[in-house]
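Keep the sequence and the coordinates open side by side. The paragraphs below go from one site to the next.

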Amino acid sequence: MSEIAIRVDKVSKIYRLYDRQRDRLKDALNLTKKKCYREHFALDELDFEIKKGETVGIIGTNGSGKSTILKIITGVLNPSGGSVEVDGRISALLELGAGFNMEYTGIENVYLNGTMIGFTKEEIDERLSDILDFADIGDFVNQPVKTYSSGMFVRLAFAVAINIDPEILIVDEALSVGDSFFQSKCYHKFEEFKKIGKTILFVSHDLSSITKYCDRAILLNRGKKLFEGSPKEAVDLYKRVLVNQLEDSEEEGGGRLWEQTAGDAFWKSAMSINPEVLEYGSKKAEIIDFAFLDANGRCSSIIEKGSEMTVKMKVLFHEDIEEPIFAFSFKNLLGIELCGTNTLFEKAEITPKSAGDVQVVSFKQNMDLQGGEYLLSLGCTGYPHGEFTVYHRLYDVCNLTVVSTKNTVGYYDMNTEITVE
């Protein structure tokens, strides 16, 4: 284990699923010889190694086994099969509040967590100032943690985790709770850890962080390791998993192109649809389909910053319309409209439409928004008889993730070129 910090060898985790509570009881009391449960493999013979000093990210859809393997590595769960070897002191931030007593104050929980990890009171005393400075929650450290906001909670928990001198830091999605300034502070600490040779293993849905900070990435799917290698390759494959194109992409050597899927099903089936989309309009024209296309022409709700991407929409006309206008826009998660355009602004030539016509419109551009999460809105409008009319609008209809290894100030990258003389 000299160069290996973590070794996972054929680890499986099997849960028994019962259709009825009485079946669970019968099984527990061994009252029947008949098998009255189904086996669910949360992990299925998972193998990987992490070298000392590496930063490794684990990605995958919900239910792929990401959190389960972290809990097994940290000893929270026992595997059903296989083994895990760890060489080094682990500090783990798995779930918000794990290891905290809600009735204790912040200070008392610092000592509680430090003691659980194996530190003496004197050792915690030495680190207390650094912990409180990093958490930066003021006088709340003297209040019961049950009174904390989720942001204050994660600040204190992370401050404890990284200031008790771990050799291995394990983090599971906890940073998604903190604000952007705190996240930046944490990732700066990650960089410091990397420089002094600490090992970092973390699970995140923030694909930009995976590509920016990780030396390697592991992609899990349905409890199995689907890929292990460069973060960019892992993210590219993850994009295909998200739109259920994995088997097609493997068989065809690189993913189904738009032209291959356009006639098979609704394009939007590959998108992350908002179940609470705001929809209104006269429906004289109806937006019946839409999608994002990446630079390779594949349907994907994950786009790499700086690459070419297309917003595509399909509109069915129920009545004759002389001069329809097609539009799209992007908002951030705060609801601030950031950018967008329409066929009128762009002076696109749109012919009159008759009832029964279908119009496909593509908006192609470079994606220069910063890495993050955005919401798409679509519209079909017009000015019949000089009056503005909404035929159909879909506000915040689906989600777009922009993956970036370099973000600048603000919402948009100005693609600045720097010359130093």
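Leaving aside its neighbours within four places in sequence, which residues is Lys66 in contact with? Contact here means heavy atoms within 4.5 Å. The partners are Ile58, Ile59, Gly60, Thr61, Val203, His205 and Leu220. This is a predicted model, so local features need pLDDT of at least 70 and side-chain atom pairs count only at pLDDT 80 or more, while totals for chains, interfaces and linings use all residues. Residues are numbered from 1 along each chain as its sequence is written, and side-chain values use heavy atoms, with hydrogens and water left out.

Stay with Lys66. It is found in helix α2, residues 66–73. Helices (H or I, at least four residues) and strands (E, at least two) are DSSP runs, numbered from the N terminus. Is Lys66 buried or exposed? Its relative accessible area is 7%, so Lys66 is buried. The scale is simple: buried means under 20% relative accessible area, exposed over 50%, and partly exposed in between, with a 1.4 Å probe and protein chains only. A polar atom of the Lys66 side chain lies 3.1 Å from the backbone oxygen of Thr61.

Now the aromatic rings. Rings of Phe, Tyr and Trp (its six-membered ring) pair if their centres lie within 6.5 Å; planes under 30 degrees apart count as stacked, over 60 as edge-to-face and the rest as tilted. By this rule there are 11 aromatic pairs. One of them joins Phe100 and Phe153, with 5.3 Å centre to centre and 40° between the planes, a tilted pair. This pair links distant parts of the chain, 53 residues apart. Phe100 is in the loop between β5 (90–93) and α3 (106–117), and Phe153 is in helix α5 (residues 150–162). Phe100 has a relative accessible area of 12%, so it is buried. Phe153 counts as buried too, because its relative accessibility is 6%.

Why is the pair of Phe140 and Tyr148 edge-to-face? The ring planes stand at 90°, with the centres 6.2 Å apart, so the pair takes that label. Phe140 is partly exposed, at 37% relative accessible area. Tyr148 is buried, at 9%. Elsewhere, ring pairs link Phe134, Phe158, Phe190 and Phe202 into a cluster.

Charges also sit over rings. The test is NZ of Lys or CZ of Arg within 6 Å of the ring centre and within 35 degrees of the ring normal. Lys198 lies over the face of Phe193, 5.9 Å from the ring centre. Lys268 lies over the face of Phe266, at 5.3 Å.

Next, a loop residue. Ser230 lies between β9 (224–229) and α8 (231–242). Ser230 is partly exposed, with a relative accessible area of 27%. Its side chain makes a polar contact of 2.9 Å with that of Glu233. A polar contact is a pair of N or O atoms within 3.5 Å; within protein, one must be able to donate a hydrogen and the other to accept it, and residues adjacent in sequence count only if both atoms are side-chain atoms. Ser230 and Gly138 are 92 residues apart in sequence, and their C-alpha atoms are 40 Å apart in space.

Turn to the strands. Two strands pair if DSSP finds at least two bridges between them. Strand β18 (residues 372–382) is mostly covered, with 9 of its 11 residues buried. It pairs antiparallel with β15 (residues 325–332) over 8 bridges. There, Ala327 has Gly379 in β18 as its bridge partner. β18 also pairs antiparallel with β19 (residues 389–403), over 10 bridges. Here Leu376 is bridged to Cys398 in β19. β18 and β19 form a hairpin with 6 residues between them, and His385 in the turn has a positive phi of about 60°.

A further sheet is open and has 3 strands, in the order β12-β14-β17, with antiparallel pairing. Its edge strands are β12 (285–293) and β17 (358–366), each pairing on one side only. β12 and β14 (residues 308–317) are joined by 8 bridges. Among the partners, Ala291 bridges to Lys312 in β14.

Lys10, in strand β1 (residues 4–17), has a positive phi of about 50° although it is not a glycine. Lys10 is partly exposed, at 46%. Asp396 is found in strand β19, and its phi is near 55°, a positive value in a residue other than glycine. Asp396 is buried, with a relative accessible area of 19%.
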